[in-house]
Amino acid sequence: MLNRLSNSTDIPFTASFVHRLRVTDDVAGDDFSVLVDLLDGGDNGGARVLLIAERAVAQSSDRVARIESQLRGEASIELTSPTIIVDGGEPIKNTQTAVEEILGLIHDLNLDRRSYVIAIGGGAMLDAVGYAAAIAHRGIRLVRLPTTTLAQADSGVGVKNAINYFDKKNWIGTFAVPWAVVNDSALLETLPDREFCSGLSEAVKVSLLKDADEFHWLAEHASQISARDPELSRRAIHRSCVLHMRHITEGGDPFEMLEARPLDFGHWSAHKLETLSRYQIRHGEAVAIGVAIDCLYSSLKFGLPRQDAEMAVQCLHDLGIQLWHPCLEPVDRLMQGLEEFRQHLGGRLTITMLRGIGDSINVHEIDPLAMKTAIETLGKIAKNKAIPAN
């Protein structure tokens, strides 16, 4: 008699990915070969490429035009159309218009899974273009050229793509590992000071989580980095990028299937602040405020030394980031971000806090009175350190 067949089969498996990061000084000039070397046409002849650039980036210098011209001159590359120009900033994520336009181009140009989309722009633009590339044919090869400090220090090497929906950040999205990321320092040269400085909040965040020595280095050099010292700025951005990349590739949870999401330290309030301000607050500024709040809360609840919390606030201030906005009041409205964050995570609320620099803890409940105290404390500190609006 045959044994009864089992109705349950569970087979764990892993998939292999390669995360490629390249660092260049001028990808539109002497370092162009670095980009070309990433584009492999395989057995199908030349690599077929769709080049998409953020409007502000294309208008601020001739680098996008130079990249397009050089791609056209490469025998191993077929540029399928002139550069596609799209808007950037958070508005590109607030509708599906750009995503649908890019999907239409991928279809009309007959791009396939071995074709490439090269996206040149800031984090929001990369999110929207990346989302389109990820869902077309279940994945077109995406090469990101981030043009903001925020994207070069963090999201450019991330494996997430999304657009906003239901007035909530990143409600529609995918996980997809980019084919490659090229962090080019020349692409940051025309970035306004406000955007340059605010993006460095992610460097502070990841160093607080991962590397006490790096945090203290940032705190020591924050004013010089804010003044855009080339060598110090490149080091800060690159170190942040590598710490984020290592967490994604070595942290054991690249697609965020577990409860804890350490790299979202400070983000429960940051996401809410962006929507409350109608995106007047830049993402990096919102993260800075969120990190400052959670450091102060951690000092009240989890033993983070008060001087370390205040050092984090001072570091963010010295980086030139405004740490207060009227939409922080009333506090109850901001606290609604906790439930929205729980829904975004799935399951029970899990928030990363700090017991010490480089020593994080995951918590599942927030003391509303202590959190209110932390926010009010930041208000008093920030108002005394107010940075003139740009």
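The mean positions of the 39 positive and 52 negative charges of the chain lie 4 Å apart. Lys and Arg are counted as positive and Asp and Glu as negative, while His and the chain ends are left out; each charge is placed at NZ of Lys, CZ of Arg, CG of Asp or CD of Glu. The model is predicted: local features need pLDDT of at least 70 and side-chain atom pairs pLDDT 80 or more, whereas totals for chains, interfaces and linings use all residues. Residues are numbered from 1 along each chain as its sequence is written, and side-chain values use heavy atoms, without hydrogens and water.

The chain holds 16 helices and eleven strands (DSSP runs numbered from the N terminus, helices being H or I with at least four residues and strands E with at least two). Its radius of gyration is 22 Å, close to the 21 Å that the globule rule gives for 390 residues, so the chain is as compact as a globular protein of that length. That radius is taken over C-alpha atoms, and the rule is 2.2 Å times the number of residues to the power 0.38. Along the principal axes, the C-alpha atoms fill a box of roughly 75 × 60 × 35 Å.

Of the 390 residues, 55% are buried (under 20% relative accessible area, with exposed over 50% and partly exposed in between; 1.4 Å probe, protein chains only). Among contacts (heavy atoms within 4.5 Å) with a separation of 6 or more, 77% join residues 24 or more positions apart.

| Residue | Strand | Relative accessible area |
|---|---|---|
| Asn-161 | S7 (residues 160-165) | 3% |
| Val-181 | S9 (residues 180-184) | 0% |

The side chain of Asn-161 makes a polar contact of 3.1 Å with that of Arg-144 (a pair of N or O atoms within 3.5 Å; within protein, one must be able to donate a hydrogen and the other to accept it, and residues adjacent in sequence count only if both atoms are side-chain atoms). Beyond four places in sequence, the contacts of Asn-161 include Leu-126, Tyr-131, Leu-142 and Ile-172. Arg-144 is also one of the contacts of Val-181, along with others including His-19, Leu-21, Pro-146 and Val-157.

Helix H11 (residues 267-276) is mostly covered, with nine of its ten residues buried. Arg-278, which follows H11, has a positive phi near 55 degrees.
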